[in-house]
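Hi,

Here's the structure I said I'd pass on.

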Amino acid sequence: MDILVHEIRRETTRKWTLMEICGGQSHSIMKYGLHELLPAEISLIHGPGCPVCVTPLEIIDRAVELGRYPNVILTSFGDMMRVPGTHSDLLSVKAKGGDIRIVYSPLDALELAVKNPEKEVVFLAVGFETTAPAVALAVNQAGKKGLDNFSVLVSLFLIPPAIEALISAEDNRIDGFLAAGHVCTVMGDHQYRALSEEYKIPIVVTGFEPVDILLGILKTVSMLEQERYGTENAYGRSVRPEGNVPAQNLLHKIFVNTDRKWRGIGTIPGSGLSLDCAYEKFDTEKRFNLSHIASGESEICMAGAILTGHSVPSDCKAFGVACTPEKPMGAPMVSSEGVCSAYYRYARVTTADQ
Ligand code: SF4
């Protein structure tokens, strides 16, 4: 680590603003204090790469509603249980008797559907390109088994369109990106190559350990200092340029690209996955009429500004005061990849301290 820090310091002659896309990277940076090792010229800002954080409130409210239905088993990853909806969260509904179960894989939800043919089993599918293949596998299996009591409430996001939206924004101040290594393990790096070419910006595929992140920063800074752009891979032990082709083929079979709303950010064209019409019988939003549910965002939570790098959690007046991991007001304080949670756990500065 010391060598990498030394090299970053040696390379850096100007101010650079870098964005790490993934919330897992943000947590590593905060946990290990990597930002404190960097020269003052380098600013790290945190990106929107936390799927729990960007899942629209409407989806959470629909899941909460479904969790109350007596004929439904609502399944979800554990991270979603405490995300506040407009009026409630999944954990509260479960405490009041809703059949809401934490699963570790979409295939666990599928198994529940097989074992409970009298129930509707819904999987709340929240994730990026890393999670999507497992969801696709479950839907594919459900089709092969002819299940008619399994469906997926889809909240799946694609990272490259979000990067493009950030670069294209009028107030963009990002000089280079650390792309999320696990996403590229699945999808390869060709979309990033196209983006870096089009927008003449360095993008470095980066892992999650402290040395991975420092190597990603070093490569990004080197490109910027040498006035080069392009996509480089600082996570070669996991990422091949072509990615995981069988997983991509499965994604293309089950899903189509769609415009998707990112919580706090808005709708980004082509930034989501939805089920192909051949699999729409497994689409929860088509199986249940959920359109009557009204959602309303908190006026205090400024997650959108944080997820786009315009603010940091300690700018929020609720941070660490009205909003804590025990009493979260927004998803970034709940999720294991949420940047508010990272600041709360590791930075230990609250608005009350300022
Ligand atoms: S501290 Fe809480 S209320 Fe403030 S932006 Fe983060 S999640 Fe939202």
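Searching the whole structure, which is a predicted model, turns up one disulfide. The partners are Cys 50 and Cys 53, with their sulfur atoms 2.3 Å apart. The torsion about that S-S bond is about 70°, so the disulfide is right-handed. Both ends are tucked away: Cys 50 has 2% relative accessibility and counts as buried, and Cys 53, at 1%, counts as buried too.

A couple of other cysteines, for contrast. Cys 277 is exposed, with 60% relative accessibility, while Cys 301 comes out as partly exposed at 30%.

On to the aromatics: the count is seven aromatic pairs. One of them is Phe 208 with Tyr 235, where the ring centres are 6.0 Å apart and the planes sit at 85°, so this is an edge-to-face pair. Phe 208 is in the loop between strand 8 (202-206) and helix 12 (210-225), and Tyr 235 is in the loop between strand 9 (230-233) and helix 13 (245-254), so the pair links distant parts of the chain, 27 residues apart. Phe 208 and Tyr 235 are both buried. There's also an aromatic cluster, made up of Phe 128, Phe 157 and Trp 262.

Last, helix 9. How much of helix 9 (residues 159-168) is buried? Seven of its 10 residues are, so helix 9 is largely enclosed by the rest of the structure. The buried ones are Ile 159, Pro 160, Pro 161, Ala 162, Ile 163, Leu 166 and Ile 167.

Cheers

Technical notes: Residues are numbered from 1 along each chain as its sequence is written. This is a predicted model: local features need pLDDT of at least 70, side-chain atom pairs count only at pLDDT 80 or more; totals for chains, interfaces and linings use all residues. Side-chain values use heavy atoms; hydrogens and water are left out. Rings of Phe, Tyr and Trp (its six-membered ring) pair if their centres lie within 6.5 Å; planes under 30 degrees apart count as stacked, over 60 as edge-to-face and the rest as tilted. Helices (H or I, at least four residues) and strands (E, at least two) are DSSP runs, numbered from the N terminus. Buried means under 20% relative accessible area, exposed over 50%, partly exposed in between (1.4 Å probe, protein chains only). A disulfide is a pair of cysteine sulfur atoms within 2.5 Å.
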